[in-house]
Each structure stands twice: as structure tokens, then as C-alpha cells.
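Biologist: I am new to this structure and would like to learn how to read it. Could you show it to me, please?

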Amino acid sequence: MTEGQQRTVATAPSTTVWERDPHVLWRRSGTLVVLKAPAAAELVTLDESGLELWSELEQPITLQEVADRLAERYVVSPSQVAADLEPLFDDLERLHLIHRRVA
Amino acid sequence: MTGMSELARSVAGHGLPGATTTWPEQPLDRTGWTEFLRCISRQRLSGLLVEALAAGDLPATPEQLDAASQLHFECVCAVLQLESELLPVLDAFGAAGVDARVLKGTAVAHLDFLDPAQRLFADVDLLVRSERIDDAVRILGGLGLTRQSVQPRAGFDRRFGKGATFVSTSGREFDLHRTFVMGPYGLRLQLDDLWERSDHFELGGRQVGALDADCRFLHSCYHTALGDTPPRLVPQRDVAQLLLSGRLDLDRVKRLIRAWQAEPVVARAVRLTWETLGIADITALSNWAQRYVASPRAEKDLAVYIDPDANSYAAKSVAVFSALPRSRDKAAFALAMALPRRGFVPPGELPGRSGRWQRALLSAVHRAARR
């Protein structure tokens with residue numbers, strides 16, 4: 001680039017999406033979902049609402065999108081669902097069951 | 001057959017097109033339920049049981065629903081632990097260039113059932129090529145798995161054996177195969193056919209290789225017809241699930257049956273399945289199976305697998321000896337059986353009681369020599 005030229009970089013707004021860790025083994029068990037992270041000795045069980053959440057995470061998705069879908073299903077406010085989901089997503093990430101990436 | 005095992009058959013056929021299932025109109029009483037659940041557990045059918053309960057086909061009390069859910073949950077947990085132990089094995093095989101196909105429950109659950117949780121299993125079965133079986137045995141040993149019985153002599157696994165059974169440090173069983181079964185029907189299999197095509201499924205972020213659908217169907221037939229006595233319900237469900245899926249290349253299936261001389265095996269498996277699960281639908285293969293008449297020689301070969309009086313390692317060894325076409329192979333096999341290395345215990349025999357099968361084999365060798 002010569003002096004005086006300006007570089008224009010197009011930047012799309014970054015979005016954090018969440019997705020299942022592909023290394024996780026899992027099965028449905030009735031209304032539950034049982035998960036096994038690769039390095040973990042213990043299994044993690046999610047209840048019925050967790051199963052819905054796990055289904056939503058089949059494709060990369062933002063927390064807000066999950067909140068909107070669940071809010072519509074349960075007729076509650078999306079902001080309330082999002083507030084409940086945040087610590088749950090953090091827990092699942094800490095257990096290496098899901099991870100976030102910037103899309 | 002008791003009422004409970006009849007009900008278990010209905011569970012095994014649940015959701016199959018054409019299966020005629022009969023359900024009680026009222027929940028079972030306490031004693032009946034306990035016996036039934038024990039049968040379901042033994043047959044590893046809790047996945048289909050919870051589906052039948054959820055569909056309302058089988059009436060149950062709230063306590064019975066809870067008990068079925070709990071049983072299924074425990075089975076699902078066990079399956080996940082097994083699959084978790086399978087992954088490092090597949091990684092180690094991959095790193096060493098040992099091609100492997102996952103067999104039976106693990107493969108069928110992921111490839112042939114809508115929900116893998118419907119198909120449960122209690123061990124892992126892996127197929128490797130004959131020429132890599134010694135490498136595979138070394139790899140499994142290196143991973144800390146213990147082989148249950150040493151091979152009778154060096155090279156036996158590769159030439160004559162079905163494979164070897166290993167147990168992991170957590171007590172989970174891994175069956176290493178080079179062919180489907182021990183004995184004459186295992187030897188007649190054209191092993192290259194098993195590697196001609198493959199299917200894959202995702203497990204723990206990896207693409208895992210399995211037999212193609214035609215060979216999965218045929219393996220289910222071997223499992224049904226030549227496995228446990230009485231035949232278990234789960235492999236029969238696999239036979240029906242695959243045959244009724246409409247995904248089989250029936251011309252190829254028939255070619256493989258002919259090449260492997262497996263007509264008696266497949267006919268028996270399909271007939272048993274259709275009768276046990278009460279399947280009303282008639283397919284070309286089920287029609288053929290109903291009409292197939294085994295030759296006296298085929299009946300004799302089948303007996304070493306299914307006749308309680310003839311079903312033993314000794315009987316299978318004698319049958320293998322007779323089935324081997326080359327005298328060089330017969331000699332090597334007879335030597336391995338007559339003079340096995342120290343520590344070899346035939347499957348199903350107690351240590352120190354191996355004289356019975358040695359005597360049986362030696363008598364067969366003598367009979368062959370006199371001819």
C-alpha cells in the first residue's frame with residue numbers, strides 16, 4: 001500500500017453463536033438427555049427443558065435466538081428466558097458440552 | 001413361552017411395519033411387572049419399551065412408568081460409557097493404519113434406528129482384516145484391555161479364529177472379529193466382501209466406519225440364527241428393521257448369500273424373526289426363507305451352533321476341521337487344537353478341562369485319516 005492510500009476493511013457486526021461440542025456423546029432417555037463430554041468421567045443429565053435446549057443447539061445459534069424460541073413456546077418474556085439461559089450456557093460450556101464462537 | 005416373554009416379543013416388534021403385536025388391556029400386576037421388566041432388561045429392550053409406554057400401547061401404572069424410565073436411563077448411561085471407551089480404540093487403530101468396522105449394536109443403533117436410544121447394547125464389536133488382527137490385538141493390549149483367552153497357537157487368530165474377546169479395566173467387553181462367527185459358517189464367509197462397501201456415522205466428532213446395510217443385515221442374520229440359544233430378540237429386531245427398511249440391495253444380498261453358502265443361516269434367521277415378531281408383511285426374502293429346505297449337511301452344520309447337545313467349542317472345532325478345504329490348513333488347525341500353547345482355554349470351557357474338545361478333535365482327525 002502506498003502512502004496516502006487508505007485501507008477500507010468491511011467489518012460485519014460480530015455475533016456469538018453457541019453450538020454442541022461435536023465430541024460429546026449423548027442419548028435421549030425418555031424426556032431426559034444424557035451427555036458425556038470426552039474428558040469427563042461423569043455423565044450429565046438434562047431434564048425435559050434441557051432436552052429442548054439440546055435440540056435447539058443442533059445448529060449454531062445465538063443465545064437470544066434460543067431465548068426467543070423458548071419464550072414463544074412457553075409464552076414468557078424473551079429477556080426473562082435469556083437471563084435464565086446465560087448461567088446455564090456457562091455451566092454447559094464449563095462442562096465441555098457446548099462452546100461459543102464468534103460468527 | 002410364558003406370557004411375559006410373549007409381551008417382550010411385542011415390545012421387540014414395537015413400531016415395525018407389519019408386526020402383529022398384542023398388548024394387555026390393563027397394567028400388569030406387581031409380580032407380572034417384575035418378571036416382565038427383568039425379561040426386558042435381559043433382552044436389552046428398554047428403549048422400545050419406553051416407546052411403547054409413551055405411545056400408550058402398553059398400559060402401566062405411574063410406578064411402572066417410573067421403573068421403566070429408570071431401567072432405560074441406566075441402560076443409556078451404560079451405552080454412553082461403552083461408546084466413550086470405544087473412541088480411543090478407534091483413534092489408536094486409525095493412528096496405526098488398522099482399518100476397522102464397528103459391528104452389531106453400535107452400528108445398527110446409529111445407522112438403522114430413528115433414535116439410537118431404541119437399540120441398546122452391552123459390548124462393542126469391531127471387525128478388522130485377518131492380516132491386521134495381530135496388530136489389533138497388540139493395540140488393544142497396549143490400551144490396557146485384557147484378552148480373555150490366548151490363541152491356541154501363533155497365527156490361529158489370523159487363519160481360523162473368529163477373533164478375540166477383551167475386557168477393559170472398567171469391565172466392559174470388546175469383541176474383536178475377523179469374521180462373523182466361529183466354525184464352518186465363519187470360514188465360508190468371503191471376508192473381502194465385508195470390506196467392499198461401508199457406511200459411516202458420526203460418533204464423538206469422528207466418522208466411524210461400519211458394514212454397509214446389506215452386510216449389516218446378513219450379520220444380523222448370523223447373530224440371530226447362530227448366536228444364543230434360544231435366539232435373542234434384539235438381533236431379530238435388527239433383521240426385521242433392516243429387511244423392512246427398503247434400503248437393501250436384494251440382488252447383492254442374494255449374491256452374498258450364495259457366495260458365503262449362507263442360505264441355511266439367512267433362511268433360519270428370517271423365518272425365526274417373522275415367526276417371533278409376528279410380522280404379517282411378506283417380502284421376497286421372507287417368502288424364500290419360508291420355503292427353503294436345508295440339506296442334511298446344512299442341518300448338521302447348523303446343529304453345531306444351535307443344538308444344545310452339539311453346540312460346543314469341540315463340535316465347532318470338528319466342523320471347522322471338516323470344512324477346511326486344504327490338507328495343509330487341516331494339519332495346522334489340528335496341531336493348534338491338539339497341542340495348544342499353555343494358557344489356552346476354549347471359550348465356554350473351564351480351565352484344566354480342555355481334554356474333552358481335544359479328544360473330540362483327535363477322533364475327527366483319526367476318522368478323516370481312515371477315509
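Modeller: Let us go through a few features one at a time. This is a predicted model, in which local features need pLDDT of at least 70, side-chain atom pairs count only at pLDDT 80 or more, and totals for chains, interfaces and linings use all residues. Residues are numbered from 1 along each chain as its sequence is written, chains are lettered from A and ligands numbered from 1 in the order in which they are written, and side-chain values use heavy atoms, with hydrogens and water left out.

Biologist: How many helices and strands does chain A have?

Modeller: Chain A has 3 helices and 5 strands, in the sequence pattern β-β-β-β-α-α-α-β. Helices (H or I, at least four residues) and strands (E, at least two) are DSSP runs, numbered from the N terminus.

Biologist: Which order do the strands take in the open sheet of chain A?

Modeller: Strands of a sheet pair through backbone hydrogen bonds, either parallel or antiparallel. Two strands count as paired here if DSSP finds at least two bridges between them. In chain A, 3 strands form an open sheet in the order 2-3-4, with antiparallel pairing. Strand 2 (25–29) and strand 4 (44–46) of chain A are at the edges with a single partner strand each, so one side of each has no neighbour in the sheet. From one strand to the next, the twist averages 20°.

Biologist: How many bridges join strand 2 to strand 3 of chain A?

Modeller: There are 5 bridges between strand 2 and strand 3 (residues 32–36) of chain A. Look for Trp26(A), which stands opposite Leu35(A) in strand 3 of chain A.

Biologist: What lies across these strands of chain A?

Modeller: Helix 1 (residues 48–56) of chain A lies across strand 2, strand 3 and strand 4 of chain A, at about 65° to strand 3. Axes are lines fitted to C-alpha atoms, for helices over the stretch in contact (heavy atoms within 4.5 Å), and angles run from 0 to 180 degrees between N-to-C directions.
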